[in-house]
Amino acid sequence: MDEVFKALADPGRRRLLDSLNARSGQTLRELCAELDMARQSVSKHLAVLEAANLVTTVWRGREKLHYLNAVPINALADRWINRYDRHRAGALTDLKTALEDTPVTSHDFVYTTYIRTTPERLWQALTEPAFTKRYWGVELESDWTAGSTVTWKQLGVTMEDPGQVVLEADPPRRLAYTWHTFTPEFAESVGLSGESRAAMAAEPRSTVTFEVEQAGEMVKLTVVHGGFPPDSVVRDAVSEGWPELVSSLKTLLETGEPLPAGSGQ
C-alpha cells in the first residue's frame, strides 16, 4: 500500500487519474494532449501508477489503452473502512470525490490484480463450476470453446439463453463471454424490482473478458467488462460488484478460503 500512497502524493499523477476517471481507456498521446504535459513526463507518471496498480493497460490492436484500476482503492477500504461500517459510511466516498471532479464518460470497467498462483490454476478458478460457486456464488457451466453456450446457476435459478456464449477461449491466457440474461426468476432471487429488471433486459448484452499474464512469481489478472450503452442500468448494478468479486477470487487462490459472501449481479 505504500506504493499507492506515494503514487497519489504527486499532483501530476493525480491529474492523470482524474483524466482517466473522466474518460478511461486513453492512449499515451491522448493523455499528453489533454493534460498538456510532455510525453516523457506522462510516461514516467504512468510507470509509477502502473507499479502501484492504480492504472492498468489493455492492448487493442496497435493501441495501448490506459484505464483507472479500482482494486487498490478497494483494498484500502477493506483494510480501514470496514471497521466503521463500510456500507453506511459510503465506502470510498472521499477517494471517489478526489477522482470524480468530472463526469465519467467511459462505459467499460477494467480491473487488474496480482495473484500468487499459476495461470492454469487461475483458469480453473474462472471456468470450473465448483470454483466459481465458492467465490462468486455462481456456477458457470460450459465446455469453454468459442461459440459454446454458458449456463449460469445462482441462488437456485438457472439462466440458459442462446445469447449467453463463449466469445474467446485461449487457455490459460484469455477468456471472454457474454453476460447473463436478466430473467424474472433471477430478479426475484436477488430482490431486483420489475422496473429495474425490464431496463436491464432492454440493454444490449454486455461482455466480460479475462486476460491472464505471468508476472514473475505472480499472475496478473485483468478483467474488462464492457459493451454498456450510455446511462446503463446494468453498468450501475455491477459497478461495485467486480472489486469484491476479484478480491474474493484472489483470497481463495492464495489462502484456500474466499471472502465472506457478498452480493453480485
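**Close-ups of a predicted model**

**View 1. The side chains of serine 19 and glutamine 26 meet in a polar contact of 3.0 Å.** A polar contact is a pair of N or O atoms within 3.5 Å; within protein, one must be able to donate a hydrogen and the other to accept it, and residues adjacent in sequence count only if both atoms are side-chain atoms. Serine 19 sits in helix α2, residues 11–22 (helices are DSSP runs of H or I, at least four residues, numbered from the N terminus). Buried or exposed, what is serine 19? With 3% relative accessibility, serine 19 counts as buried (buried is under 20% relative accessible area, exposed over 50%, partly exposed in between, with a 1.4 Å probe and protein chains only).

This is a predicted model, where local features need pLDDT of at least 70 and side-chain atom pairs count only at pLDDT 80 or more, while totals for chains, interfaces and linings use all residues. Numbering runs from 1 along each chain as its sequence is written, and side-chain values use heavy atoms, leaving out hydrogens and water.

**View 2. Here's the largest nonpolar core, with 42 residues.** Such a core is a set of buried Ala, Val, Leu, Ile, Met, Phe, Trp, Tyr and Cys residues joined through side-chain atoms within 4.5 Å. Among the residues touching the most other members are Trp136, Tyr177 and Phe210. A second, separate core has 18 residues, including Leu16 and Leu35.

**View 3. Glycine 194 is out in the open, exposed at 54% relative accessible area.** Glycine 194 belongs to helix α11, residues 194–202. Its C-alpha atom is 7.6 Å from that of proline 184, 10 residues apart along the chain.

Conventions:
Helices (H or I, at least four residues) and strands (E, at least two) are DSSP runs, numbered from the N terminus.
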